[in-house]
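Here are my notes after a pass through this one, as numbered points. Have the structure open while you read.

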Amino acid sequence: MNLLKSCTDMAMMRIDCVSHITNTALLPCLYNATVLRRRSLSLRNSGFRERKFQFRCVSASSDSLQFDFSPPPIDHDLHDTITVAGGKVSEDGVVESFDNDDEALDAFDNGVAVVDLSHFGRIRVSGDDRAHFLHNQTTANFESLSEGQGCDTVFVTPTARTIDIAHAWIMKNAILLTVSPTTCQSIIEMLDKYIFFADKVEIKDITKQTCLLALVGPKSNQIMSKLNLGDLIGQPYGKHQHYSFDGMPITVGVGSLISDEGFTMLMSPGGAVSVWKTLLAEGAIPMGSVAWEKLRITQGRPAPERELSKDFNVLEAGLWNSISLNKGCYKGQETIARLITYDGIKQMLCGLNLSAPAGPGSAITADGKKVGKLTSYTTGKNGSGHFGLGYIKKKAASVGNTVTIGEDISGIVSEVPYLARQHPPSSNPSS
């Protein structure tokens, strides 16, 4: 407690707990508490002294909880730990690779991998009007969501051109938005412009005060069960809950930004090293941003400056799960309504199996006529295969159609998992 009190001049983040368990203990490091359940984990990493860790569920209370997300001592820095273990960290703090990209990609398909996404932006929106404010500024129906739920939502221009996808967690006293690394500051500035004098809304960038890890792969559930987090298995995308781990607060949510499967973990920097080493000790393969970008493309998740830009609208990007069509007026709503009413969607974002490497920006043609543009490109595991994302006119965008990229590269239109999970209005229950 004395250590926490000494940090009161530093940034605090108010997060209140969501739990299906009632009358449970609060964080032992912050409150008088009793332990709900102990599950010891022996860390097997060399150079890491064996310690016992546990996740404890944290329940809601009548008073808001204050989690301290102050910067930790330097000897607890996650990137220092990753560097010592052989990870390559860029000057701007992005974990690029562990020289195991193919192994990590295989773990996504057949095992479990953990990736540091701390370079992604995290925006805390608080104040009594926060849900109504984001309801009006983005495409999702925030006023239909309750504490502990989550969703994807899209920031768009007034003409429904795409800016970024945000993943939102609805907490008791705030809404947390996770956005792409390149858009965080511009989105904050944009939101600030729409806060009027009487609005009870506060916007704060908490990226540097927190760490974000994603657990991906079909064996993620096994690790969750071992860590006493099994109550989240099978829950809807975006469902999240607060826990204590090694005396530090951590929020765990369903989904990994790139997929409905897997889990995302938000924590203070001081607790990140323990969580990271524990996940590795339980069998997770470390993944860097190079492999993550390959996954983004092969999974089909649009990204700013690639698939999300002023050149494309949110319906062309196929982001139906992030759009509410009956919530009333919001930024871009009129354009979206017209596009749907008059069948104005002329092109679609598609996956492409390519015969050779191709540069983003290359023209896509069919029967000698331009029908689209390549937006992203990557190779497969072990450098085999070539894959891309691109916008293609609807008449040429059917799965199985053959197109030409650039002068002579053949491409076959293919389905990608992220876009395949999107549901048009007729079948979208959240619309």
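1. Let's begin with the cavity lining. Keep in mind that this is a predicted model. The residues lining the largest cavity split into four nonpolar, three polar and two charged. By name, the lining is made up of F120, D164, I165, H167, T178, V179, S180, L257 and R301.

2. Where does the lining sit in the fold? Two elements, β9 (162-170) and β10 (174-179), each give two or more residues to the lining of the largest cavity. Strand β9 has the largest share, with three residues.

3. On volume, the largest cavity holds about 30 Å³ of space. The count is one cavity, with the cut-off set at 30 Å³ or more.

4. Next, the seven-stranded sheet. This sheet is open, its pairing is mixed, and its strands come in the order β2-β13-β14-β15-β12-β6-β16. At the edges you'll find β2 (55-57) and β16 (285-287), each of which pairs on one side only. From one strand to the next, the twist averages 30°.

5. Have a look at the β16 end of that sheet. Strand β6 (residues 113-116) runs parallel to β16, and three bridges join the two. If you want a pair to click on, V114 has P286 in β16 as its bridge partner.

6. Now for β22 and its partners. Strand β22 (residues 409-414) pairs with β17 (residues 347-354) in the antiparallel sense, over four bridges. Here L354 is the residue standing opposite G411 in β22. Strand β21 (residues 402-405) also pairs with β22, again antiparallel and over four bridges. In this pairing, T404 stands opposite S410 of β22.

Technical notes: Residues are numbered from 1 along each chain as its sequence is written. This is a predicted model: local features need pLDDT of at least 70, side-chain atom pairs count only at pLDDT 80 or more; totals for chains, interfaces and linings use all residues. Side-chain values use heavy atoms; hydrogens and water are left out. On a 1 Å grid over the protein atoms alone, a cavity is a set of points where a 1.4 Å probe fits but cannot get out, and a pocket is an open set with protein on both sides within 12 Å along at least five of seven lines; lining residues have an atom within 4 Å of a point. Grid points are joined across faces, edges and corners, and a volume is the space filled by probe spheres set on the points. Ala, Val, Leu, Ile, Met, Phe, Trp, Tyr, Cys and Pro count as nonpolar, Asp, Glu, Lys and Arg as charged, and the others, Gly among them, as polar. Two strands pair if DSSP finds at least two bridges between them. Axes are lines fitted to C-alpha atoms, for helices over the stretch in contact, and angles run from 0 to 180 degrees between N-to-C directions.
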